[in-house]
Amino acid sequence: MKKAALACPCGLGPSYEQCCGRYLASGVPAPTAEALMRSRYTAYTRADEAYLLASWHASTRPTALGLAEEGAAVKWLELTVLSREAGGENDSAGTVRFVARYKAGGRACRLSETSRFVREGGRWYYLDGDVDG
């Protein structure tokens with residue numbers, strides 16, 4: 001009996017492998033700012049700190065994120081993209097506004113952010129973001 005593929009955590013693709021997995025596992029660059037943002041959300045659900053740091057622009061990248069210390073304390077639940085501006089395959093910058101729901105320490109939480117992305121050398125990078133009130 002064939003094992004069913006798990007849906008991608010970003011909520012877009014039919015399976016992790018066909019959606020964000022191709023960026024996280026193979027190093028294929030995300031084609032748009034939104035695709036990178038969705039793959040970064042998926043990386044958070046998988047505690048893939050290496051991918052998150054590699055997709056963070058060098059000018060704003062932290063040295064570490066501490067996801068291993070967080071452990072199972074954070075459980076990412078759902079991503080909703082609210083809007084996007086530019087960030088297409090022919091753009092050099094773009095923004096994506098999103099809400100991510102998660103549980104931390106048994107409490108329901110939400111992160112609402114407008115993220116900025118830049119494209120350099122044919123790759124999109126997360127630059128920074130403004131957390132909405």
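Predicted model: local features only at pLDDT ≥ 70, side-chain atom pairs only at ≥ 80, totals over all residues.

Biologist: Why is the pair R38 and E34 called a salt bridge?

Modeller: The term asks for a side-chain nitrogen of Lys or Arg within 4 Å of a carboxyl oxygen of Asp or Glu. In R38 and E34 the closest N and O atoms are 2.8 Å apart, so the pair qualifies. A search of the whole structure finds six such bridges.

Biologist: What separates R38 and E34 along helix 2?

Modeller: About one helical turn, because they are four residues apart in helix 2, residues 33–45. Helices here are DSSP runs of H or I with at least four residues, strands are runs of E with at least two, and both are numbered from the N terminus.

Biologist: Why is E34 called buried?

Modeller: Buried means under 20% relative accessible area, exposed means over 50%, and partly exposed is in between, using a 1.4 Å probe and protein chains only. E34 has 14%, so it counts as buried. R38 is buried as well.

Biologist: Which other salt bridge does E34 form?

Modeller: E34 also meets R84, at 2.2 Å from N to O. That pair links distant parts of the chain, with E34 in helix 2 and R84 in strand 1 (residues 74–86), 50 residues apart.

Biologist: And what makes D130 and R116 a tie between parts of the chain?

Modeller: Their side chains meet in a salt bridge of 3.0 Å, N to O. D130 lies in strand 4 (residues 123–131) and R116 in strand 3 (residues 107–120), so the bridge joins parts 14 residues apart in sequence. D130 has 41% relative accessibility, so it is partly exposed, and R116, at 27%, is partly exposed too. As for networks, shared partners join E34, R38 and R84 into one.

Biologist: What makes a set of residues a nonpolar core?

Modeller: The members are buried Ala, Val, Leu, Ile, Met, Phe, Trp, Tyr and Cys residues joined through side-chain atoms within 4.5 Å. The largest one here has 28 residues, and M37, L79 and F117 touch the most other members. Helix 2 gives the most to this core, with six residues. In soluble globular proteins, nonpolar side chains tend to be buried together.

Biologist: Which residues is M37 in contact with, leaving aside its neighbours within four places in sequence?

Modeller: Taking contact as heavy atoms within 4.5 Å, M37 touches L79, V81, V96, F98 and F117.

Biologist: How do you know that something is a pocket?

Modeller: On a 1 Å grid over the protein atoms alone, a pocket is an open set of points where a 1.4 Å probe fits, with protein on both sides within 12 Å along at least five of seven lines; lining residues have an atom within 4 Å of a point. The largest has 18 lining residues, with Y44, W76, F98, L111 and E113 nearest its centre. Its volume is about 390 Å³, counted as the space filled by probe spheres set on the points, which are joined across faces, edges and corners.

Conventions. Residues numbered from 1 in each chain as written. Heavy atoms only, no water.
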